[in-house]
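Thanks for coming. I will go through one structure today, starting with a pocket and then moving on to some helix contacts.

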Amino acid sequence: MGRDREDVTEFLGQVPLLQCLPGSSIRRIAEVVQVRSYEPGDYVAREGEPVDGLYIILDGQAEVSAPANTEEANRPDYVLNKYDYFGYGSNSSVHQVTVVALSKLTCFILPNQYAHLLQPKTIWNPEETPKHSLLEQILHLEPLEVDIFRGFTLPEAPTFRHVFGGQFIGQALAAASKTVDCLKMVHSLHAVFLVAGDIDIPIIYQVHRARDGSNFATRKVEAKQKGLVLFTLIASFQKEEVGFEHQAAIMPDVPPPEQLLNLEELRERRLTDDPRFPPQYRSLAANKKFTPWPIEIRLCEDSASQHKPSLNYWFRARGKLSDDQALHRCVVAYASDLLYSPVSRHPHLAKSLEIHVLSLNHSIWFHKPVNADEWLLYVIESPSAHGGRGFVTGRMFNRQGELIMSLTQEALIRREKPRGRNPRPKL
Ligand SMILES: CCCCCC/C=C\CCCCCCCC(=O)SCCNC(=O)CCNC(=O)[C@H](O)C(C)(C)COP(=O)(O)OP(=O)(O)OC[C@H]1O[C@@H](n2cnc3c(N)ncnc32)[C@H](O)[C@@H]1OP(=O)(O)O
């Protein structure tokens, strides 16, 4: 293996211990690791000697001997292979075991002085907790074990009686991304919503490594509560590649976001200025608990009241996000389900008719890198509603008119039926 920085980063990204670190931590570790080589029979570490760092096997095999004079002394020796590691995670400052090279052996060593790189504040940022962005907190997961993560529905997060579909998509994609080397980025995902999630129970994300190729990797994720699978995602990741280029899609001509009001300002204006709302309704609405979404949305038109099966709006994440392309893709995936399938009910909206909308499935294709804290134009159309299912397609453009993503979704759309006072998700 040639040892340029990118090769080292790619190798470290395959080591399960390191995969849930922020991409920036893995790149930093790639800068500071040392390489050591051993001949067959050489001691790599001796029981009782000081631990000088984390050892990761790059090539070859080593044998670990159980410590003498302990209960484990009778345990058979075991063999370490490529991607295995030792010298980290024990509370002791001295080696508890002896490790001997079985073949020609090469290791990467992360010296003790860089051990802090293994303990980042969050899965997205080595230094800071994400005070600055609610979204980054929503998309933070606790790594429980290799390939298993726990996510939460934060009190400030948008919910729609049950777990918001975009939260499942964003968190599941975050879990999948944390098991793929950081040089590969998601380029497509397909999600299915099986059962509504309970906002009071943590969600367990279990990642299955379907395939790791040299350029592509595929992951399947299951989201569970109380052991029941609520949601599945299949995502494919690819290393950057130079290839053919064209863009036939043209960004529609819409007013820039600076000339438009956001949803909160529109609400405020309705409450104060709109003569169609009687005063008692206004004070009722004004007293209702209202939490702004972590995504700022500026509608380009009022296509709902015109009954048009389409909608264009600008959106961006509120607050500054950490500089991690994997995070930015999770954020737009999260945002893409917020104001999407309701477009399929536009032609059917009528006074005193409430329409129940529930996402059934969701697909995204990421064409180009994205900045989720800069304005993106979401262009949505609903070509069909039939049989209780509304279908929507979406395209996202950046301000330069580049097509960044294409999306599709099917949602259940039905006349809302009266419900009890406290409907609970059926787990
Ligand atoms: C100025 C502009 C402002 C714009 C403001 C816009 C405003 C709001 C925007 C909100 C956008 C919200 C978008 C949110 C999208 C989501 O987050 S949806 C959440 C993700 N999706 C899910 O959780 C779906 C999970 N899947 C399921 O629940 C099930 O698979 C299924 C319901 C799809 C199918 O299950 P099945 O048992 O086979 O179906 P049913 O028997 O038909 O229905 C079961 C329960 O569904 C509920 N339900 C069904 N129909 C209705 C209805 N007409 N009205 C109300 N509720 C309905 C209901 O709980 C059913 O259960 P019971 O009837 O209680 O048995």
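This is a predicted model, so please keep that in mind throughout. I will begin with the second largest pocket. What lines it, by class? The lining has 18 nonpolar residues, 13 charged and 11 polar. In all, 42 residues line this pocket. The space inside the second largest pocket comes to about 1200 Å³. If you want to find its centre on the screen, look for Glu240, Glu241, Arg329, His367 and Pro369, which are the lining residues nearest to it.

Several elements give two or more residues to that lining: helix 1, residues 5-12; helix 3, 23-32; strand 13, 184-193; strand 16, 228-239; and helix 8, 325-335. Of these, which gives the most? That is strand 13, with 4 residues.

Take helix 1 and helix 3 to begin with. Their axes are 9 Å apart, and the angle between them is about 120 degrees. Angles of 65 to 115 degrees would count as roughly perpendicular, so helix 1 is described as oblique to helix 3. The crossing of helix 1 past helix 3 is right-handed. On the helix 1 side, the contact is made by Arg5, Val8, Thr9 and Leu12, and on the helix 3 side by Ile26, Arg27, Ile29, Ala30 and Glu31. By class, that contact has 5 nonpolar residues, 3 charged and 1 polar.

Now the other pair, helix 5 and helix 8. Helix 5 covers residues 165-177, and its axis lies 7 Å from that of helix 8, at an angle of about 160 degrees. How do the two run relative to each other? Helix 5 and helix 8 are roughly antiparallel, because the angle is over 145 degrees. Here too the crossing is right-handed. From helix 5, the residues in contact are Gly166, Gln167, Ile169, Gly170, Leu173, Ala174 and Ser177. They meet Ala326, Arg329, Cys330, Ala333 and Tyr334 of helix 8. This contact divides into 7 nonpolar, 4 polar and 1 charged residues. Arg329, in that list, is also one of the residues nearest the centre of the second largest pocket.

Where does it sit? Cys20 is in the loop between helix 2, residues 16-19, and helix 3. In sequence, Cys20 and Ala175 are 155 residues apart, yet their C-alpha atoms are 8.3 Å apart in space. Leaving out residues up to four places away in sequence, Cys20 touches Ile123, Pro143, Phe149 and Lys178.

Conventions
Residues numbered from 1 in each chain as written. Predicted model: local features only at pLDDT ≥ 70, side-chain atom pairs only at ≥ 80, totals over all residues. Heavy atoms only, no water. 1 Å grid on protein atoms, 1.4 Å probe; cavity = no way out; pocket = protein on both sides within 12 Å on 5 of 7 lines; lining within 4 Å. Points joined across faces, edges and corners; volume = space filled by probe spheres on them. Nonpolar A, V, L, I, M, F, W, Y, C, P; charged D, E, K, R; others polar. Axes fitted to C-alpha atoms, helices over the stretch in contact; angles between N-to-C directions. Parallel < 35°, antiparallel > 145°, perpendicular 65-115°, else oblique. Left-handed = near helix turned anticlockwise from the far one by under 90°. Contact = heavy atoms within 4.5 Å.
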